[in-house]
Amino acid sequence: MGLKAPLASERAVLVLMTAGIVAVAASILSPSFQLSAEALRLCLQLSIAAIGASLFLFARFIRRIADDHRQIAESEQRFRRAMEDSAIGVAIVGLDGRIVQTNPAFAAMLGYSRAEIETLTFFQITHPDDQQLGRETMVALKEGKIDSFHFEKRYLKKDGTPVWAQLAGSVIREEETGRPLYLVSQIEDIDARKQAEARIAEAETRWNFALTSAGQGVWSLDMRKGGTTYSETWVRMLGYDDGELDGDPDRWLTMIHPDDRERVAEADRAHLADETAFFEAEFRMRHKDGHWVWILDRGKAIERDGEGRLIRAIGSLTDITERKEAEERLKVSAAMLADEKERLRVTLQSIGDAVICTDAANRITFMNPVAEKLTGVAAGEALGKALGHVYRAVDEETGQRIGLTRPSAGDRQHSDQNTRAVLVRRDDTRCSIRQVVSPIMNDRNEFCGLVIVFQDFTDARALQRQLAYAAAHDALTGLANRSSFMRTMETLVDQCRLNGSEHQFMFVDLDHFKAVNDTGGHAAGDVLLKRVADAIRNVLGPEDIVARLGGDEFAVILKASAAAPAAIAARSVIDAIRNLNFSWDGRPHSIGASIGLAAIRAGCGEVDEIIARADAACYAAKAAGRGCVSAASDEAPKEGATSLPLAAAS
């Protein structure tokens, strides 16, 4: 439509201009034809009108062309931005399979640069087992049998590893002839999904085998296959033959006892709606011979579509008839022991590892074997004794004793938890514990004693301390890491602003370290970095802070040090590193260090500025011949300016 309108306008302009010219010619030649003045005037008016109309249409025609050019440019820009910014791969492919153009997402997915991948064909980056699929699709597109395609295939990354992708695209054809020109493909990385599906399938196989071996029935719902299948154990549990119940996914609901059906259907609906993580229900199902069997049914949806509808689910059924009968017997017995029922309920709810129970007078009435082991006191010796005779807990940080007393009247139902308690045994040995103290109340709301549940938490707390240490220290050298060091720097800068104290920051960069890495490899570099770290620590004071910032860069905070002592300390560091006499595989390596110094005091700026000044000073030290110290001024370094090296090393 956009092209036809300009052509029609162009024809109209030509017609009007021709008419105008004819009219003018007629007016000029009128004396030859002996036209009257009135006819001559009419010819002139018609010619002027025709020329004016043609000029008007010509102007509109020019404007229309300009608008079309602008719209085409905008469309091209939108397509280019959509292609460049797309999170999934986009490629334009010629009919010969050559990649004409691609976007960064597709190149990154296969580990190529755009320039590299645009020199290849789709067949060169396609897994050999999937190349025939691509060829068949290309032939069908050329023959006009299809205009679009959608399938999954494997590509080969630059390093040769396969990656699954989902392709969706179409052929671009010439408008008038319909001749195919090129293909536009969208490529989505689905490798993670494919691997997950394989893991799920493997896990499902193992799970089914384990449940069948344990005598539990297994069911599987697959909406793609049109129904539910049941394991042989499942159907025999209800007296049916293998395969007799397969098919209808709702048949199992009709076999449930009427009194249980509504409750089970609601649990099933909630899980289908993704309101619960699992489906779990206990109910009665009719056996083929007519009697009722108590069943424990557990299941879970393992696949849903894009709109959240269930596609696949799997679960198990267990015959719990004997357990249910035992529960009924227990209910009858429990009715005769009302006072003990509450004690048993609270104890069972509070059980962790070790359990100690007391009466209202705080005398021990029960200890389980784990409590005996942790306290070091036998239950026979502890029963009837005061709680403090066996159990003494203190706060890990304050060392104060943690009282275990009768709760107040308004707080009798509160359970006291403590995750930083330490149990002190009779022989003064200690272990970290996590304890929960709960009051016991009878059915008359009378206080009957305490239940103390505690667990050995020593290993967990040690792990917490290890994790905290790892978070603040460099794994290779054991020095403070960059994040920990930056927090310390920020704290010191804030203190300097408040109290006027002063420290010195030292930026240490190793000289000739790259040669060690290049010749001896990273193993040699790691060993050298450890020795450098030890050398720096050995020549500095116990209050000084040493950190590894990364690579071969180290940082030091000299506490309460002025510029002159700092320069001496820096010289000591340089000398210590120079004298390491490091060898690897029988080959000696000579390394050194260049150091930049910057003051940490009020008015010296933020942490980043201090580090930048020290870094610039270190650069000046390297420029001055390496192996020396350069001190920075308190002002931020200007572009092109360098710090003057100190006479701290030759």
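Tutor: Let's start with a term: a charge sits over a ring if NZ of Lys or CZ of Arg is within 6 Å of the ring centre and within 35 degrees of the ring normal. Keep in mind that this is a predicted model.

Student: Which ring does the charged end of Arg-135 sit over?

Tutor: That would be the ring of Phe-123, with the charged end of Arg-135 lying 5.2 Å from the ring centre.

Student: Thanks! And how should I read two rings together?

Tutor: A pair of aromatic rings is described by how far apart the centres are and by the angle of the planes. Searching the whole structure gives 10 aromatic pairs. In one of them, Phe-106 and Tyr-155, the centres are 5.7 Å apart and the planes meet at 75°, so this pair is edge-to-face.

Student: Where in the chain do Phe-106 and Tyr-155 lie?

Tutor: Phe-106 belongs to helix 4 (residues 104-110) and Tyr-155 to strand 3 (residues 148-156), so look for partners 49 residues apart that link distant parts of the chain. Both Phe-106 and Tyr-155 are buried. Ring pairs also bring in Phe-122, making a cluster with Phe-106 and Tyr-155.

Student: Now for charges. How many salt bridges does the structure hold?

Tutor: The general idea is that side chains of opposite charge can pair when their charged atoms come close. Here there are 40 salt bridges. Take Arg-224 and Glu-303, whose closest N and O atoms are 2.3 Å apart. Arg-224 is in the loop between strand 6 (217-222) and strand 7 (227-230), while Glu-303 is in strand 9 (residues 292-304), 79 residues apart.

Student: Finally, which residues have the most contacts inside the largest nonpolar core?

Tutor: They are Met-506, Val-532, Ile-536, Phe-554 and Ile-577, in a core of 32 residues. Elements that each supply at least two residues include strand 17 (503-511), helix 18 (513-539) and strand 19 (553-558). Helix 18 gives the largest share, nine residues. A second, separate core has 25 residues, among them Ile-364, Ala-382, Val-437 and Phe-447.

Methods
Residues are numbered from 1 along each chain as its sequence is written. This is a predicted model: local features need pLDDT of at least 70, side-chain atom pairs count only at pLDDT 80 or more; totals for chains, interfaces and linings use all residues. Side-chain values use heavy atoms; hydrogens and water are left out. A nonpolar core is a set of buried Ala, Val, Leu, Ile, Met, Phe, Trp, Tyr and Cys residues joined through side-chain atoms within 4.5 Å. Buried means under 20% relative accessible area, exposed over 50%, partly exposed in between (1.4 Å probe, protein chains only). Helices (H or I, at least four residues) and strands (E, at least two) are DSSP runs, numbered from the N terminus. Rings of Phe, Tyr and Trp (its six-membered ring) pair if their centres lie within 6.5 Å; planes under 30 degrees apart count as stacked, over 60 as edge-to-face and the rest as tilted. A salt bridge is a side-chain nitrogen of Lys or Arg within 4 Å of a carboxyl oxygen of Asp or Glu.
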